[in-house]
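Me: I'd like to talk through the charged pairs in this model with you. Could you set each label against its cut-off as we go?

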Amino acid sequence: MTEYYAPTHVYFGKGAQNEVGKVLKGCGYKKILIHYGSGSVVRSGLLATVEASLKESGVEFVELGGVQPNPRLSLVRKGIELAKAEGVDMIFSVGGGSALDSAKAIGYGLCYDGDVWDLYGRHVMPKACMPIGCVLTLSATGSEMSNSSVITNDEVMPNEKVGCNTNYGRPRVAFLNPELTYTVSKYQTGSGSADIMMHTIERFFHNGPAFEFTDNSCANVIKTVIKYTAVALENPNDYEARANIMWAGSVSHNGFNNVGYDSIGDWACHRMEHELSAFYDVAHGAGLAAIWGSWARYVAKTDYRRFARLGELVFGIKMEGTCDHCAKKACDQTIEAVEAAFAAMGMPTSIKGLGLTLTDDDVRALAKAASRNGTVKLGNFQVLEQEDMYNIFKAANDRA
């Protein structure tokens, strides 16, 4: 059985951010914590727009900026302290997925008497979360409708990056104006689009029977992202392109493309990339693109036909017959086509492409961290042991 739950009230389109105050007032919120990043929302005037909307509607607010990519536990702790002291009734992020993931962590921490890291270290499952809302400025993580929050513990060495996934963390309201993504750099646009693709690909590679509607829906998300990322990279102010990418990002990670599958998907690449970005602070989408091809070639023998199915639906790759050799050939072509799509977005397809030169000890450390020192297995399409993770990281590191 699969479950689909999408409680987020979405306001999508031009000027959506202007409605924040009126909407939150109508929902009964009295005082919110605005949580944002390093200053771009200040420089662009977006933060001032949100503030003005709240003031006009009589909704009080306090603020906490400083969210970094791969958001830090140390700032989450400050946010919990501030929100408790100020008596807020909603955590509201203005920015991209990092600000939103950090906001969710603050929301979890406010509803838990212990250390918030317990909820990410998987010692305790959350039982509640302070209401979450957002104005989104980056199409990537899908956090605006998802149950996911990923936080980096910067209080340990090496840093540890862990997710907490519960329906309590799904935002109550999200304001999505594609115009707010016009100023996103080419690299971050490509990285965000790679992340959206990977949220969809991770779901596609489950180990049960196919479900045609969801297969086609996954393929549509991937094709849309490939098509419109090319347009956005050429013309950053193309509204149609930015709008298609933004909505694809939301749909890719809200659970819609799980319905009919026997599991939530594979997710080994995501879990492995969390270690890569925790150790080396790389952009998440870029890290995913850097290791996916090596994962795919390593697990392909599990079901060549599943890869071939993706290739047919997304790239029009046709099997030349029904034999295993034909399936493997189509599988190989599909992997190459996905990597070519990543490359066209300006994304690396190897760890070296991230600008990293790793030793064998470095690679083993990544595998050790991803497997929690051999105690955790990853994946669903093919279950990976620590040595499998090492082999995949090594293959990604050895590629040019």
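Me: What makes the contact between the side chains of Glu19 and Lys22 a salt bridge?

Reply: A salt bridge is a side-chain nitrogen of Lys or Arg within 4 Å of a carboxyl oxygen of Asp or Glu. For Glu19 and Lys22 the N to O distance is 2.9 Å, so the pair meets that definition. A word on the source: this is a predicted model, where local features need pLDDT of at least 70, side-chain atom pairs count only at pLDDT 80 or more, and totals for chains, interfaces and linings use all residues. Residues are numbered from 1 along each chain as its sequence is written, and side-chain values use heavy atoms, with hydrogens and water left out.

Me: Why is Lys22 called exposed?

Reply: Buried means under 20% relative accessible area, exposed over 50%, and partly exposed in between (1.4 Å probe, protein chains only). Lys22 has 56% and is therefore exposed, whereas Glu19, at 29%, counts as partly exposed.

Me: Which parts does the salt bridge between Arg372 and Glu160 tie together?

Reply: Their side chains meet at 3.6 Å, N to O. Arg372 lies in the loop between α14 (360-370) and α15 (386-398), and Glu160 in strand β7 (residues 160-165), so the pair links parts 212 residues apart in sequence. Helices (H or I, at least four residues) and strands (E, at least two) are DSSP runs, numbered from the N terminus.

Me: How many salt bridges does a search of the whole structure find?

Reply: The search finds 19. One of them joins Asp360 and Arg364 at 3.4 Å, N to O.
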